[in-house]
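Biologist: I would like to learn how to read a structure like this one. Could you take me through it feature by feature?

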Amino acid sequence: MNDVLPPDTWVWQWVERTVADVLQSYGYGQLRMPLIERTELFARSIGEVTDIVEKEMYTFADRNGESLSLRPEATASCVRAAITHGLLHNQQQRFWYAGPMFRYERPQKGRYRQFHQFGAEAFGYRGPDIDAEMILMSARLWRALGIPDLVLEINSLGTSESRAGYRERLVEYFSAHRAALDEDSRRRLEQNPLRILDTKNPALQDLVAAAPAITDHLDTESAEHFAALREMLADAGVPARVNTRLVRGLDYYSRTVFEWLTDRLGAQAAVCSGGRYDGLVTQLGGRDTPAIGWALGVERLVEIVQLAGSAPAAPVPDVFLLPVGEPAVRAATGIAESLRDAVPGLRVLQNCGAGSMKSGMKRADRSGAALAVIVGDDELATDTLTVKHLRGDGGQERLDRPGAARHLAEWLTKQSGRPDAGPSGEH
Ligand code: ATP
Ligand code: MG
């Protein structure tokens with residue numbers, strides 16, 4: 001579990017703002033949900049025989065003896081919230097959420113025990129157009145964040161009926177190669193054979209690669225849905241690689257599943273993953289409602305943004321306010337506040353505490369501020385301020401206070417294109 005410190009928090013904020021802006025531009029509304037739910041909610045939705053539920057949840061009994069868990073993901077919570085508030089009765093809904101998730105995993109680069117996700121979920125849409133929207137919306141995020149090289153993999157898991165037929169083929173295949181399986185996979189062979197395709201054991205990769213492909217066992221409707229989605233993605237110019245081994249680590253998916261992958265984070269390749277989960281709402285007690293969603297890992301995304309160098313520079317102060325001498329130190333707080341009042345948006349960093357002019361100027365330089373406003377005995381006596389340009393020609397002027405505020409306001413207007421002015425405009 002990590003602390004995030006400045007200046008990294010600046011990159012986080014920029015990523016968070018950019019993602020929220022894009023999601024909202026597609027008409028998604030934010031859901032805020034609790035970090036803790038009944039354990040049963042996750043066991044029923046994610047699946048009893050999954051890594052998450054078997055070994056990764058932070059589960060505890062509350063004072064009432066009720067089993068609760070820190071959420072390992074938020075799709076189940078989202079469905080729970082939508083059912084609780086009656087948001088799915090013949091309605092179509094688009095939601096997004098953001099926040100921490102908790103999984104007891106082996107910590108590595110890009111894999112933590114508290115990590116953060118952004119997620120998007122859409123309810124009530126049956127056709128492949130929403131699948132395409134979900135994927136194109138994520139593609140737009142990468143463009144807005146200046147990430148050029150993520151690879152999209154897609155697959156279709158069909159319906160639970162068509163999957164049952166495929167499951168039999170898979171059990172036949174892996175049973176014939178039982179000796180080559182590891183302990184986990186042997187257990188899964190009985191309980192949840194599709195999970196074997198999801199194994200991260202390198203020794204099983206060849207065996208998994210030669211297994212029957214799920215896309216050869218799809219029902220007609222799922223096959224048509226998948227073909228239509230591929231066509232929409234191709235029309236939109238978003239290339240997708242079909243990976244028939246992509247089954248995802250949660251049980252609730254049906255039909256479309258997808259992942260965006262990077263080769264920049266070692267083994268932690270998935271940046272964003274999702275899929276359709278048409279059966280989950282009924283499984284959790286709601287009315288039959290088709291649904292689809294994805295979640296992205298913020299830590300991994302931030303790391304890639306930092307590698308790509310696409311985040312705007314961390315903000316620096318505009319003005320370093322430097323009082324010199326005890327009377328000026330006493331007056332400085334009032335002067336700083338009046339500058340902030342007079343020039344909205346101006347970033348004023350006050351040099352608090354007394355010190356020499358020389359050490360103050362050093363601090364001003366280190367702060368990255370473009371301007372220093374200097375107040376000494378002379379300025380106090382004449383109600384003026386000295387405005388000094390710290391970058392470039394280093395020129396300085398003595399101005400009365402309204403004149404200084406005007407000067408700073410004009411200077412700020414000229415900076416409106418500054419690189420750290422806000423999230424990039426591309427979305
Ligand atoms: P992985 O295959 O890397 O374990 P996953 O399939 O478990 O990922 P999801 O449950 O689909 O991942 O979560 C969506 C996204 O959240 C992932 O694509 C990844 O970017 C991120 N993520 C998942 N687990 C972690 C973790 N322990 N630490 C940091 N990010 C994570
Ligand atoms: Mg995982």
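Biologist: Let's start with paired strands. Which residue stands opposite cysteine 272?

Modeller: Strands of a sheet pair through backbone hydrogen bonds, in either a parallel or an antiparallel sense. Here, in what is a predicted model, cysteine 272 faces leucine 296 of β11. The pairing of β10 with β11 is antiparallel and runs over five bridges.

Biologist: What is the order of the strands in the sheet with β10 and β11?

Modeller: Reading across, you find β1-β5-β6-β11-β10-β9-β7-β8, an open sheet of eight strands with mixed pairing. At its edges are β1 (29-30) and β8 (241-242), each of which pairs on one side only.

Biologist: Which strands does helix α4 touch?

Modeller: Helix α4, residues 75-84, packs on this sheet and touches β5 (93-102) and β6. The direction of α4 makes about 45° with that of β6. Helix α9 (residues 220-235) lies across β7 (151-156), β8, β9 (254-261) and β10. To β7, helix α9 runs at about 160°.

Biologist: Now to the ligand. How many residues surround ligand 1?

Modeller: A shell is read by counting the residues with a heavy atom within 4 Å of the molecule. Ligand 1 has 16 residues around it, and the closest are Arg103, Glu105, Arg248, Ala270 and Ser273. Sorted by class, the shell holds six nonpolar, four polar and six charged residues.

Biologist: Which polar atoms of the protein lie by the oxygen and nitrogen atoms of ligand 1?

Modeller: Let's take them one at a time. An N or O atom in the side chain of serine 273 is 2.8 Å from an oxygen atom of ligand 1. Arginine 300 places a polar side-chain atom 2.9 Å from an oxygen atom of the ligand. With tyrosine 112 the backbone takes part: one of its polar backbone atoms is 2.9 Å from a nitrogen atom of ligand 1.

Biologist: How much of the accessible area of ligand 1 does the protein cover?

Modeller: On its own, ligand 1 has 580 Å² of accessible area, and the protein covers 92% of that. Two or more residues of the shell come from each of β6 (114-123), β10 (270-276) and β11 (291-297). The largest share, four residues, is given by β10, the strand that pairs with β11.

Biologist: And what is the strand order in the sheet of five strands?

Modeller: That open sheet has the order β13-β12-β14-β15-β16, again with mixed pairing. Its edge strands, each pairing on one side only, are β13 (348-350) and β16 (396-400). From one strand to the next, the twist averages 25°.

Biologist: In which sense do β12 and β14 pair, parallel or antiparallel?

Modeller: Strand β12 (residues 319-323) pairs with strand β14 (residues 371-375) in the parallel sense, over five bridges. Helix α13, residues 357-367, lies across β12, β13, β14 and β15 (384-389), and runs at about 170° to β12.

Biologist: Let's finish with the backbone itself. Where is the cis peptide bond?

Modeller: Look between proline 6 and proline 7: they are joined by a cis peptide bond with omega of about 10°. You will find proline 7 in the segment before α1 (8-25). Another backbone feature is at asparagine 90, which has a positive phi of about 50° although it is not a glycine. Asparagine 90 sits in the loop between α4 and β5.

Terms used: Residues are numbered from 1 along each chain as its sequence is written. Chains are lettered from A and ligands numbered from 1 in the order in which they are written. This is a predicted model: local features need pLDDT of at least 70, side-chain atom pairs count only at pLDDT 80 or more; totals for chains, interfaces and linings use all residues. Side-chain values use heavy atoms; hydrogens and water are left out. A polar contact is a pair of N or O atoms within 3.5 Å; within protein, one must be able to donate a hydrogen and the other to accept it, and residues adjacent in sequence count only if both atoms are side-chain atoms. Accessible areas come from the Shrake-Rupley method with a 1.4 Å probe; for residues, only the protein chains shown count as cover. Ala, Val, Leu, Ile, Met, Phe, Trp, Tyr, Cys and Pro count as nonpolar, Asp, Glu, Lys and Arg as charged, and the others, Gly among them, as polar. Two strands pair if DSSP finds at least two bridges between them. Contact means heavy atoms within 4.5 Å. Axes are lines fitted to C-alpha atoms, for helices over the stretch in contact, and angles run from 0 to 180 degrees between N-to-C directions.
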